[in-house]
Amino acid sequence: MNKILLVEDDKNIIENLTRFLSSEGFCVESAQGRGEALDRLLKDKFDLVLLDISLPDGNGFTLCPEIKRNFSVPVIFLTASGDELSTLTGFELGADDYIAKPFRPRELVIRIKNILRLTGGAGSLMKIGNVTVDTIKGIATKNGKDVFLTALEYRLLLVLLNNRGIPLSRGQLLESIWDIAGDFVNDNTLTVYIKRLRDKLEDDIQNPTIIKTVRGFGYKVD
């Protein structure tokens, strides 16, 4: 059973989310602040951390890199701060995913399971073929060389990786990266960004093996 540490100071959210995730087969413990979270991480082993930004004794943005430096565990931000700057900051600090409240419970479970499957609980490296994504450094490499993804390209790749094996519609992808790019992303520019990702990641862009097209629907990563 995977063990999750929920770092959240809202007692109602703690109660409801603990009940729901427990019903989905997870073991959930909670910490209501930075100090309590670090204390629990020192005393026990967790497979994943769900982290809010606003904490009574600190800030999730300062706690995330501290967790990443000292513990081998993936971190998902689960917060009401879903604006562009907050989302970008979360990923730059090493978060493995970023989910804004309110969220769909089933989507949260799928994202948790994908993060655990992709990282093996290590919260650092995601690999597919000859491409490796280091979520601590926030970079993607191909055959060991940095492919220099833009912030939006990196976010788009993480969305696909975090839903590995699941076809995502163009609408779902647009919704996932909307907070970062705002009005600059529409259906046509999504096609452009997929092409740019393939140019940087694929060995043969005419026959992609990493980002695959689901005809008439969208894309997926196996």
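These notebook entries record what I looked up in a predicted model.

**Entry 1: Ground rules.** I note that residues are numbered from 1 along each chain as its sequence is written, and that side-chain values use heavy atoms, with hydrogens and water left out. Since this is a predicted model, local features need pLDDT of at least 70 and side-chain atom pairs count only at pLDDT 80 or more, while totals for chains, interfaces and linings use all residues.

**Entry 2: Helix 8.** I took helices (H or I, at least four residues) and strands (E, at least two) as DSSP runs, numbered from the N terminus. Helix 8 holds 15 residues, 187–201, and its end C-alpha atoms are 21 Å apart, in agreement with the 21 Å that it should span at 1.5 Å a residue. The expected span is 1.5 Å times one less than the number of residues.

I then asked which residues of helix 8 are buried. I counted a residue as buried under 20% relative accessible area, exposed over 50% and partly exposed in between, with a 1.4 Å probe and protein chains only. The buried ones are Leu 190, Tyr 193, Ile 194, Leu 197, Arg 198 and Leu 201. Seen down the helix axis, these buried residues fall within an arc of 140°, so they line one face of helix 8; the arc is taken from the directions from the axis to the C-beta atoms. On the other side of helix 8, I found Asn 188 and Lys 195 exposed.

**Entry 3: Backbone in the loops.** I found a cis peptide bond between Lys 101 and Pro 102, with omega about -5°. Pro 102 belongs to the loop between strand 7 (97–100) and helix 5 (105–119).

Asn 143 is not a glycine, yet its phi is positive, near 55°. I located Asn 143 in the loop between strand 10 (139–142) and strand 11 (145–146), and it is exposed at 56% relative accessible area. Phe 148, also not a glycine, has a positive phi of about 55°. Phe 148 sits in the loop between strand 11 and helix 6 (151–162) and is exposed at 62%.

**Entry 4: Cysteines.** How many disulfides does the whole structure have? I searched for pairs of cysteine sulfur atoms within 2.5 Å and found 0. Cys 27 is partly exposed at 27% relative accessibility, whereas Cys 64 is buried at 0%.

Entry 5: I recorded an open sheet of 3 strands in the order 12-14-13, with antiparallel pairing. Two strands pair if DSSP finds at least two bridges between them. Strand 12 (168–169) and strand 13 (212–214) are the edge strands, each pairing on one side only. Strand 12 meets strand 14 (residues 218–220) over 2 bridges, and Ser 169 stands opposite Gly 218 of strand 14.
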